[in-house]
Amino acid sequence: MSRFLKRLYLFLIYGFLYAPILVLIIFSFNEGRTRGSWDGFSLVWYRRLVRDREILSAVYHSLLVASISTIVSTIIGVLGAIGISPYRGKLKRAILGMNQIPVLNPDIVMAVGLMVFYRSLGLDFGLLSLILSHIAFTVPYVVLSVLPKLKQMPSSLPEAAMDLGATPAQTLWKVVIPYIKPGIISGALMAFTLSIDDFVISFFTTGSGVDTISTLVYSMARRGINPEINALSAIMFVVVLLLLVIMNLPKEKSAQEGR
Amino acid sequence: MATQIELRDIVKSFDNHRVLDQINLEIEEDEFLTILGPSGCGKTTILRLIGGFESPDRGQVIFDGQDITGLPAYKRPVNTLFQKYSLFPHLNVYDNVAFGLRIKKIPENEIKPRVEEMLRLVNLRGFENRGVESLSGGQQQRIAMARALINRPEVLLLDEPLGALDLKLRKDMQSELKRIQKELGITFIFVTHDQEEALTLSDRIIVLNEGVIQQIGTPIDIYNEPINSFVADFIGESNILEGIMHRDYDVSFSGRNFVCVDEDFYPDEAVDVVIRPEDVEIVSNGKAQLHGQVVSCIFMGVHYEMLVSTDHEEYLIHSTVPREIGERVGLFIEPENIHIMRKGEVEGDEDL
Ligand SMILES: Nc1ncnc2c1ncn2[C@@H]1O[C@H](COP(=O)(O)OP(=O)(O)O)[C@@H](O)[C@H]1O
Ligand SMILES: [Mg+2]
């Protein structure tokens, strides 16, 4: 009996979490415009979606911003983590704390902060400001996913490389980076998904017709119900799901190798 | 033999704690030199100073007459065998061993025979494609050795490389180390806290305690003529007693006078008297210098280890004949087995 209740509880929680997404995906295949009634299966909204210039340009912007900011923030984050890792004690805790604040800070604070900051610098709002913002809020996540790997690495590894004649730069490329690679990959994937996923920061720091998927969906939703949004959201959900699966694959694999 | 490495007046502190104090040391070409001392005494730090992973607060590191104190590790003609965990986990055995040569941009067709030669040297032919994590501890250390030696270093630094291995394997590896050192004719600077290992392998031993060199000498010198009670105790279990050196050849301890073979002390100087357990003889009462009661008697395989309590202290005795616990016995010590040591004397003091 109690086992049945436990199952039911779990089922209800997941039902609550996934029902909206399920409904969304189902209605993205709906023939009609309304969300109230089912008028039959159709791919019409998907067909409209791929012909909608506005949406295509938003998808392009989202992917562009996510790619560039992922590359840049991965480089910054990896170097940052390598720089932080030798510190010990209070100073290390202080630096790590400063790294964590943007992670815990509400997005809206970061968003408004960035907006005010750019305005005070006289920077035009657009693609550049958007990319800079995305770099800024994803770097801490890269640092956080690389640091544990660096901590795991015995100091004798880079020392052995230098002992064998490798310069510090060669040691970084040939020994340190390969060792922390799993951390770098998961950090980069995290940065990419967070960037695609972001609405608040993008909304406040973009401008002059540069829309990302999420800012576009927001403005479309304000204009009225448009089932293309359903189709777009369904695609995004599937893409994020795939990324999540990829992200979790290497971990399981290495755990099995370790056994 | 020529001096190859010289440490001059090295001082090194970590967090205001002086780890090495005035280290002066000359290392000869092609010798097997062991730095021996208890854990935390600064052995690894000396090795890291030579390898270029630490820089001294004061003093110099000289290599072949040149000051290399400021030279980074990757430019030094020495290689290190680390204690453990130093093979690159993302590379297989072949790529690990080839690492140093690839850094030097040696062509691949030259690298291949040299890797094979090194794997033969460490008895691991056929392991080229194995992942390093699939190897046992002993095999990993041998690969690490091949990886270091392929660069043909003039000096190999070894930091307790056998410390993580079990006893049997350690014995095998010890003789292998010695063989390889002879075969290649290069200088080995070996760090250990295991006195037996040091005595077996070394041409010379440096005994280190709390960052101060206690004694430098051949294994036989150090075993037979320990300079102070620390060395005597560390090199082998010993009886260390408080004594007074009245005049040449006349010392008193355990409440009576003994004849000894030492000279040149101040009149009535307080000294440490060191007597090895195998040098205390159990004799009949007529010949006895001391009397005591057997407190314990344990069979140790080759000999019995006994504790005999006299009026003033307990003596540790090794004997082939067991005695009953509680039995009263007489003890006798030959004059040449009584080692007299100045209190706190270390290497170099006699020059002052
Ligand atoms: N990087 C370091 N930072 C702080 N203290 C250190 C460092 N390296 C060594 N020490 C200290 O120096 C002393 C000697 O260390 P070490 O040379 O490793 O000794 P050993 O190898 O003889 O065990 C120890 O007390 C150790 O704690
Ligand atoms: Mg050590």
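Predicted model: local features only at pLDDT ≥ 70, side-chain atom pairs only at ≥ 80, totals over all residues.
1. For chain B the accessible surface comes to about 16,300 Å², with 47% belonging to carbon and sulfur atoms.

2. In secondary structure, chain A has 11 helices and zero strands, so that its elements, read from the N terminus, are α-α-α-α-α-α-α-α-α-α-α. Chain B, by contrast, contains eight helices and 20 strands.

3. As to overall dimensions, the C-alpha trace of chain A spans about 70 × 65 × 30 Å along its principal axes, and that of chain B about 80 × 45 × 40 Å. The domain assignment divides chain B into domain 1 (3-224) and domain 2 (238-342), and the C-alpha centres of these two domains of chain B lie 40 Å apart.

4. On burial, 40% of the 259 residues of chain A count as buried, while in chain B buried residues make up 53% of 352. In chain A, 70% of the contacts between residues at least 6 apart in sequence join residues at least 24 apart; in chain B, 65% of the contacts with a separation of 6 or more are accounted for by residues 24 or more positions apart.

5. Chain A carries 23 positive and 14 negative side chains, the centres of the two sets lying 8 Å apart, whereas chain B has 35 positive and 61 negative charges, with mean positions 10 Å apart.

6. The largest nonpolar core holds 36 residues, and the members that touch the most others are B:Val97, B:Met145 and B:Phe188. At least two residues of this core are supplied by each of helix 2 (93-103), helix 3 (108-121), helix 4 (137-149), strand 7 (155-159), helix 5 (167-184) and strand 8 (187-192) of chain B, and helix 4 of chain B gives the largest share, six residues. Once its neighbours within four places in sequence are left aside, B:Phe188 is in contact with B:Glu31, B:Phe32, B:Leu33, B:Met145, B:Leu156, B:Leu158, B:Leu177, B:Ile180 and B:Gln181. A second, separate core has 34 residues, among them A:Val146, A:Met153, A:Val176 and A:Ile177. As background, nonpolar side chains in soluble globular proteins tend to be buried together.

7. Is A:Leu49 buried or exposed? A:Leu49, which lies in helix 2 (residues 44-51) of chain A, has a relative accessible area of 4% and therefore counts as buried, the cut-off being under 20%. Not counting residues up to four places away in sequence, A:Leu49 touches A:Ile55, A:Leu56, A:Glu228, A:Ala231, A:Leu232 and A:Ile235. A:Leu49 and A:Ile180, on the other hand, are 131 residues apart in sequence and 40 Å apart in space, C-alpha to C-alpha.

8. A:Asn30 deserves a separate look. This residue is found in the loop between helix 1 (2-28) and helix 2 of chain A, and A:Asn30 is buried because its relative accessible area, 0%, falls under the 20% cut-off. With neighbours within four places in sequence left aside, the contacts of A:Asn30 are A:Ser37, A:Trp38, A:Asp39, A:Gly40, A:Ser42, A:Val44 and A:Trp45.

Technical notes: Residues numbered from 1 in each chain as written. Chains lettered and ligands numbered in written order. Heavy atoms only, no water. Domains from an automatic or database assignment. Helix = DSSP H or I, 4+ residues; strand = E, 2+ residues; numbered from the N terminus. Buried < 20%, exposed > 50% of the residue type's maximum accessible area, 1.4 Å probe, protein only. Contact = heavy atoms within 4.5 Å. Areas by Shrake-Rupley, 256 points an atom, 1.4 Å probe, with all protein chains shown as cover. Lys, Arg positive; Asp, Glu negative; His and termini not counted. Charge placed at Lys NZ, Arg CZ, Asp CG, Glu CD. Core = buried A, V, L, I, M, F, W, Y, C linked by side-chain atoms within 4.5 Å.
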